[in-house]
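User: I would like to go through this model with you, one topic at a time. Could you take my questions as they come?

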Amino acid sequence: MFVNSAFLVSTETGGEFLKKPVKLFNGKDLTGWKINGTEKWYVEKGELVCESGPDKQYGYLTTNKFYKNFDLSLQFKQEANGNSGVFFRSTVTGTKVSGWQVEVAPPNHDTGGIYESYGRNWLVQIPDEKEGFLKMGEWNTLRIRANGDKVQTWLNGNEMVNFEDAKIGAGDGSIALQIHDGGGIKVRWKNIMLEEL
């Protein structure tokens, strides 16, 4: 038994499934990211801030690099209306996004759920019994794991979504942070770490 477990560990650590996590945000500037739209994205006190601008439109901050299969963790704090999100396997043209969003929203609005913009809309919404895991105005930890067709999300250590979807499995693209239209939004982000699978 001991030999078998040691063998499993050695093959996993030596294979393609465990790579060293990388910081997507360096805590200093927006190196590695691209601003899409006219909303505000800036660094303050080592944190990445998204804030509504005068146009009050959609805005996206996309990674320059594409990530298909990954395990991503980050922290966010909603200082005002927290309607935001984390897109994955996504591409942005102007401020029109193609891909999938893990929702970041005010209480009782499906944070951790999966939404497909300009497509099928809600794929997985959050049941009422899981809505209490969000800590509005405090730091929250969001984890997103996408591997092939399978997508899982966790909010503050609680599993929110676990499902498979062939269309998502066929997708590829950037990680993107979103700011929703309507104005009055401010969200802080930090510790954005990604491990490729």
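User: Which residue forms a salt bridge with R120?
Analyst: R120 forms a salt bridge with E116, and their closest N and O atoms are 2.8 Å apart. A salt bridge here is a side-chain nitrogen of Lys or Arg within 4 Å of a carboxyl oxygen of Asp or Glu. This is a predicted model, in which local features need pLDDT of at least 70 and side-chain atom pairs count only at pLDDT 80 or more, while totals for chains, interfaces and linings use all residues. Residues are numbered from 1 along each chain as its sequence is written, and side-chain values use heavy atoms, with hydrogens and water left out.

User: Is E116 buried or exposed?
Analyst: E116 counts as buried, at 3% relative accessibility. R120 is partly exposed, with a relative accessible area of 37%. Buried means under 20% relative accessible area, exposed over 50%, and partly exposed in between (1.4 Å probe, protein chains only).

User: How many salt bridges are there in the whole structure?
Analyst: A search of the whole structure finds 10. Among them, the side chains of E79 and K186 meet at 3.4 Å, N to O. E79 lies in the loop between strand 6 (70-78) and strand 7 (84-93), and K186 lies in strand 15 (residues 186-196), so this pair ties together parts that are 107 residues apart in sequence. Strands (E, at least two residues) are DSSP runs, numbered from the N terminus.

User: What about R188 and E79, how far apart are the closest N and O atoms?
Analyst: The closest N and O atoms of R188 and E79 are 2.7 Å apart, and the two residues form a salt bridge. Because R188 lies in strand 15 and E79 in the loop between strand 6 and strand 7, the pair ties together parts that are 109 residues apart in sequence. R188 counts as buried at 7% relative accessibility, whereas E79 is partly exposed at 39%.

User: Which residues are linked in that network of salt bridges?
Analyst: The network links E44, E47, E79, K186 and R188.

User: Changing topic: what is the strand order in the open sheet?
Analyst: Seven strands form the open sheet, in the order 2-5-14-7-8-9-10, and the pairing is antiparallel. Strand 2 (33-36) and strand 10 (121-124) stand at the edges with a single partner strand each, so one side of each is left without a neighbour in the sheet. The twist averages 25° from one strand to the next. Two strands pair if DSSP finds at least two bridges between them.

User: How many bridges are there between strand 5 and strand 14?
Analyst: Strand 5 and strand 14 (residues 174-179) pair over five bridges, in the antiparallel sense. L61 stands opposite L177 in strand 14.

User: Where is T62 placed, and what does its side chain make a polar contact with?
Analyst: T62 is in strand 5 (residues 59-66). Its side chain makes a polar contact with the side chain of N36, at 3.1 Å. A polar contact is a pair of N or O atoms within 3.5 Å; within protein, one must be able to donate a hydrogen and the other to accept it, and residues adjacent in sequence count only if both atoms are side-chain atoms. T62 is buried, with a relative accessible area of 8%.

User: Finally, which residues does F70 touch?
Analyst: Not counting residues up to four places away in sequence, F70 touches several residues, including F88, I144, I175 and L194. Contact means heavy atoms within 4.5 Å. F70 is found in strand 6 and counts as buried at 0% relative accessibility.

Technical notes:
Helix = DSSP H or I, 4+ residues; strand = E, 2+ residues; numbered from the N terminus. Axes fitted to C-alpha atoms, helices over the stretch in contact; angles between N-to-C directions.
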